[in-house]
Every structure is written in C-alpha cells, then in structure tokens.
Amino acid sequence: MSSSPSPFTRFTRFGRGSRLAVLAVGLCWLAVLFDGLDMFIYGSVLPHMLAEKSLGITPDQAGDLGSYATFGMLVGALAAGTVADRISRKKLMVACVTLFSLASGLCALAGSVAVFGLGRTLAGIGLGGLLPTAISMVSDYAPRGRGALTIGMLMTAHHAGGILSAYVALWVVEPLGWRAAFWFCVLPLLFVPVLARFLPESLSFLVAKGRGEEAGELARRYDVELPAAPADKQASSDRWHSLANLFRAGEWTQTLLYWLASFGGLLLVYGVATWLPTLMRSEGYNLGSALTFVVLFNLGGIVGMLVAGRASDRFGAPRISAIWFALTAAGVFLLSVHMPLALTFTVVFLTGVFLNSAQTMIYATVSIRSRPENRATAVGWTSGMGRFGAVFGPWLGGQLLAANQGDWGFTAFALAGLSSMVFIGVAACRGGKRADRSGGERELIGAH
C-alpha cells in the first residue's frame with residue numbers, strides 16, 4: 001500500500017483551485033509568523049533590557065510586563081471567537097495583524113514602563129485574537145483526513161517567528177538598541193493589504209450566515225469540501241448560542257477539561273517563552289548561548305508540530321497531547337540541572353518538540369470536534385481560558401527570579417505540564433468511552 005500523500009500534495013494534485021487553497025493556508029501561515037515574532041520578541045530582548053536597566057525595569061516588573069501581553073491575549077482570544085463567528089474571520093485577522101503591529105510601534109516609542117506595558121497589552125489583544133481565528137480558517141481549507149496535521153503546519157509559523165525574534169535580538173539590538181527590535185515588529189503592517197486582498201473568507205462562517213451560494217462558489221474554486229449548514233440557523237445567529245453549545249448535552253465536562261489542560265499548557269508555553277533566555281543566563285550560560293536556546297526551542301517546535309500533527313491524525317489528538325505533555329515535563333525539569341552545553345542544547349530542542357505541539361493538539365482536538373458554525377468560539381474560548389495560565393506563567397517566573405529561585409521556575413513549569421497531561425488524558429479517556437457508545441467519535445478523530 002502506498003503512503004498517504006502530504007497535505008500540500010493533496011492540495012495541489014487536482015489543479016488550479018486546489019493550488020489557490022494552498023495560498024489561503026499560506027497567507028494564514030505568514031500572519032501567524034508575524035504573531036510569533038511579536039510574541040517572542042519581548043523574551044528575546046529581555047536579558048538586554050535587564051542588563052541595561054532600560055526604563056528602570058526590575059526582574060519582578062519584567063514578569064509583570066510579560067503578563068500584560070498575555071492578559072491582552074486572554075481578552076483577544078475570548079472576544080475573537082464570538083466576534084469572528086458574528087462578523088467575519090477574514091476581517092478579524094486583518095484587524096489583529098494591524099493592531100499588534102501598531103502596538104509594537106508604541107513599545108518602541110515608550111518612555112516609561114507604563115507606556116511600554118500598554119503597548120504590550122494592546123499587542124496581546126491582537127495576538128490573542130489572531131491565533132484561534134487562523135486555526136478556524138485553515139480548518140476550513142484542510143484536506144480531508146489531515147486536519148490536525150494542517151493545524152500543526154500552521155503553528156510551525158509561530159515558532160518560525162520565535163526563531164526570527166532571536167536573530168532580530170542578536171543582529172539588531174546590539175548595534176541599535178532594544179527599541180529597534182520593536183520597530184522591526186511594525187513591518188507586518190506592509191502585509192495587511194496583501195491579507196485583505198487575497199485571503200478568502202471562512203467557508204464555515206459563510207455557511208453559518210446563510211450565504212450558501214457564495215460559500216459554494218468558494219468551495220468549487222478552492223476545491224475543498226463545503227461545510228454542512230447549521231441545524232438551527234435562527235439559534236446560531238444568537239451571539240451567545242455558540243458559547244452555550246459548549247455546555248449542552250453533556251459537553252460541559254469535556255469543555256472544562258480542555259480549558260484546564262489549556263491553562264497548564266499555556267502557563268508552561270508562555271512562562272518558558274518569556275523566561276528561557278534569562279533563566280538560562282541565571283544558570284551560568286552567556287547571552288549568546290541563551291539566544292541559541294530560543295532558536296533550538298523553536299526549531300523543536302516546528303519539528304514537533306509536524307510529527308504531532310501526523311500522529312494525531314492517526315491516533316487521536318488528545319492522546320498525543322497527553323503523551324507530549326509528560327515528555328515536556330521531564331524535559332523542563334532537566335533544564336534545572338546544569339549539564340554540558342551540548343547535552344543542554346539537545347534537551348532544549350526536545351523540550352521544544354514536545355511542549356509547543358502538546359498545546360496545539362489541544363486546539364486541534366477542539367477544532368476537529370466542534371461544529372462548523374461555532375468552531376471559532378470553541379477554539380477561541382479554549383485558548384482564552386488557557387490565557388489565564390499564560391498571564392500567570394510570566395508573572396510566576398519573574399517572582400521566582402526576583403527571589404533568586406530560578407531553579408524552582410523550571411520545577412513549577414514542569415508541574416504545570418504534568419497537570420495538563422492529567423486533564424487532557426482524562427478527556428481522551430472520556431472521548432474513547434463516548435466513541436464506543438456512539439461509534440462516530442473515533443472515526444471523526446481519525447478522519448481529521
């Protein structure tokens with residue numbers, strides 16, 4: 001039996017329309033690339049800002065500033081799902097890229113900690129709104145049977161942005177200062193007209209809004225399957241109906257498990273993303289090595305997204321996520337041990353492989369199991385509730401570092417990984433039992 005084709009092969013083998021679908025996913029990839037750059041740039045330049053006492057920032061204030069961005073992401077993610085399902089996912093993506101680009105300019109101009117914090121909060125709102133919306137968009141254009149892998153491929157852009165942030169810090173900050181790094185993050189504004197011109201609208205949004213003819217034309221043009229129309233069109237027009245659906249017919253326990261898993265996962269992701277260079281410096285590594293850790297961590301994230309996506313399409317996203325979180329906890333805990341540099345590089349890379357894709361497979365699970373008409377709401381609220389962990393993670397790292405307890409930072413993040421493993425593991429077991437009763441859930445997971 002021949003091996004199954006890759007997603008891009010499935011997109012391109014049937015002619016021009018399918019190749020245009022690659023363009024749709026590719027534009028979302030570029031938007032998430034800029035999202036990752038803006039998210040990781042603060043952690044990449046933070047060691048330099050602390051060393052120079054820029055804006056008078058202290059370690060505990062630095063943790064607070066990291067939390068401002070993630071608090072903004074919480075607001076953006078919670079609002080974006082409902083807003084995107086109400087108005088337009090394409091318009092929301094354009095607005096989010098515009099917002100976090102302009103907010104980076106505000107950070108570059110900041111003359112005080114308060115103004116800098118406002119810039120990071122506004123950037124966080126744009127960042128938080130973009131990611132769940134982009135995930136919903138690519139779900140519409142993913143080849144059948146490759147939903148989780150396509151979402152994983154999208155999220156490689158986030159970590160490519162993290163790699164880019166390390167090189168921006170290495171090549172721009174030293175000669176020009178930390179403000180130049182944030183000016184660099186304003187450049188995605190040039191991408192906004194391209195996104196507005198060429199990105200197609202979400203098919204599931206059009207179907208849910210009763211614009212079936214327009215959706216059908218797009219589906220034929222892009223050679224993808226047209227999503228099914230919502231069963232209750234009148235109810236789906238209610239702005240709170242999509243959210244209420246997450247708690248109906250016994251769905252509330254699964255929803256809460258996903259939210260709790262996302263809390264621990266994002267605490268871990270953003271705690272490590274903000275503090276990895278600084279914590280590694282506190283362990284005795286120089287600044288060059290600390291930024292190399294950022295590159296390796298995000299390279300691991302890219303590899304992990306592709307591996308986890310393919311494995312999740314085969315074995316189920318929640319199962320893979322639980323295993324990945326267990327391996328992440330082990331890797332993060334090992335970082336508290338001072339090892340030879342080459343071994344530390346290896347552990348950081350492998351931790352990146354498992355950590356980043358573990359959280360993304362939570363999103364993949366929610367996206368795949370959601371109905372098209374409220375998919376953005378489901379992913380947005382899972383991401384948004386997880387943002388409470390994203391707010392707590394950078395703050396926790398700053399408090400531990402200010403108390404000269406950097407080693408405990410790695411331990412605390414490892415415990416967060418273990419908690420997410422438990423919650424998503426329970427969700428996987430419950431999903432398996434429901435599959436045995438209904439016969440449909442297992443097929444759904446395997447088909448996406």
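Biologist: In which helix does serine 321 lie?

Modeller: This is a predicted model. In it, serine 321 lies in helix H15, which spans residues 317-334.

Biologist: How should I read burial here, and is serine 321 buried or exposed?

Modeller: A residue is called buried when its relative accessible area is under 20%, and exposed when that value is over 50%. Serine 321 has a relative accessible area of 1%, so this residue is buried.

Biologist: Which residues does serine 321 touch, apart from those up to four places away in sequence?

Modeller: A contact requires heavy atoms within 4.5 Å. With such sequence neighbours left out, serine 321 touches Ala358, Met361, Ile362 and Ile424.

Biologist: Where does tryptophan 171 lie, and is tryptophan 171 buried or exposed?

Modeller: Tryptophan 171 belongs to helix H6, residues 147-176. Its relative accessible area is 61%, and tryptophan 171 is therefore exposed.

Biologist: What separation is found between the C-alpha atoms of tryptophan 171 and alanine 181?

Modeller: These two residues are ten apart along the chain, and their C-alpha atoms are separated by 9.3 Å.

Biologist: How many helices and strands does the protein chain contain, and what share of its residues is buried?

Modeller: The secondary structure comprises 19 helices and zero strands. Of the 448 residues in the protein chain, 62% are buried.

Terms used
Residues numbered from 1 in each chain as written. Predicted model: local features only at pLDDT ≥ 70, side-chain atom pairs only at ≥ 80, totals over all residues. Heavy atoms only, no water. Helix = DSSP H or I, 4+ residues; strand = E, 2+ residues; numbered from the N terminus. Buried < 20%, exposed > 50% of the residue type's maximum accessible area, 1.4 Å probe, protein only.
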